[in-house]
Amino acid sequence: MSTESIRRRIATTIAIREILLKHPDGMTTAQLSGKLNTSAEYIKNILHSEYGFYIDRYMTSPRLTAVWCCVEVPENCPLPEKKQ
């Protein structure tokens, strides 16, 4: 993977996370790709491979479609303690 494609993937992942956090009811890959002007397949690949994204439910219009959400991590989330 080239440096430019890595940068694009990171930027797209951050954008997806920001959009989903602003839409707590979730969005489909088609809706996300429309907002980001990127292919739905590329969005789907990121959603499946990055942490914090999950399928909340499925819609049936006209076929089964996943509605994706993003985990909201608290800003001051404590780190786990080391086991002695």
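## About the model

Because this is a predicted model, local features need pLDDT of at least 70 and side-chain atom pairs count only at pLDDT 80 or more, while totals for chains, interfaces and linings use all residues. Residues are numbered from 1 along each chain as its sequence is written, and side-chain values use heavy atoms, with hydrogens and water left out.

Let's start with helix H3, which covers residues 40-49. Helices here are DSSP runs of H or I with at least four residues, strands are runs of E with at least two, and both are numbered from the N terminus. The buried residues of H3 are Tyr42, Ile43, Ile46 and Leu47. Buried means under 20% relative accessible area, exposed means over 50%, and partly exposed is in between (1.4 Å probe, protein chains only).

Looking down the axis of H3, you will find these buried residues within an arc of 135°, so they line one face of the helix. The arc is taken from the directions that run from the helix axis to the C-beta atoms. As a reminder, an α-helix has 3.6 residues a turn, so residues three or four places apart point the same way. On the other side of H3, Glu41 and His48 are exposed.

What do the buried residues of H3 pack against? Their partners are helix H1 (3-22), helix H2 (29-36), strand E1 (53-60) and strand E2 (64-70).

Thr29 is found in helix H2 and is buried, with a relative accessible area of 18%. Not counting residues up to four places away in sequence, Thr29 touches Ala40, Ile43, Lys44, Leu47 and Trp68; contact means heavy atoms within 4.5 Å. Thr29 and Tyr42 are 13 residues apart along the chain, and their C-alpha atoms are separated by 9.1 Å.

Asn37 sits in the loop between H2 and H3 and counts as exposed at 73% relative accessibility. The phi of Asn37 is near 55°, a positive value in a residue other than glycine. Most residues other than glycine have a negative phi.

## Two salt bridges

How many salt bridges does the structure hold? There are two, where a salt bridge is a side-chain nitrogen of Lys or Arg within 4 Å of a carboxyl oxygen of Asp or Glu. One of them joins the side chains of Glu50 and Arg9 (3.7 Å, N to O). Glu50 lies in the loop between H3 and E1 and Arg9 in helix H1, so this pair ties together parts that are 41 residues apart in sequence. Glu50 is partly exposed at 27% relative accessibility, whereas Arg9 is buried at 16%.

Asp56 and Arg57 also meet through their side chains in a salt bridge (2.8 Å, N to O). Asp56 is partly exposed, at 40% relative accessibility, and Arg57 is partly exposed too, with a relative accessible area of 35%.

## Cysteines without a disulfide

A search of the whole structure finds zero disulfides, a disulfide being a pair of cysteine sulfur atoms within 2.5 Å. The sulfur of Cys69 is 8.6 Å from the closest cysteine sulfur, in Cys70, which is too far for a bond. Cys69 is buried at 3% relative accessibility, and Cys70 is buried with a relative accessible area of 9%.
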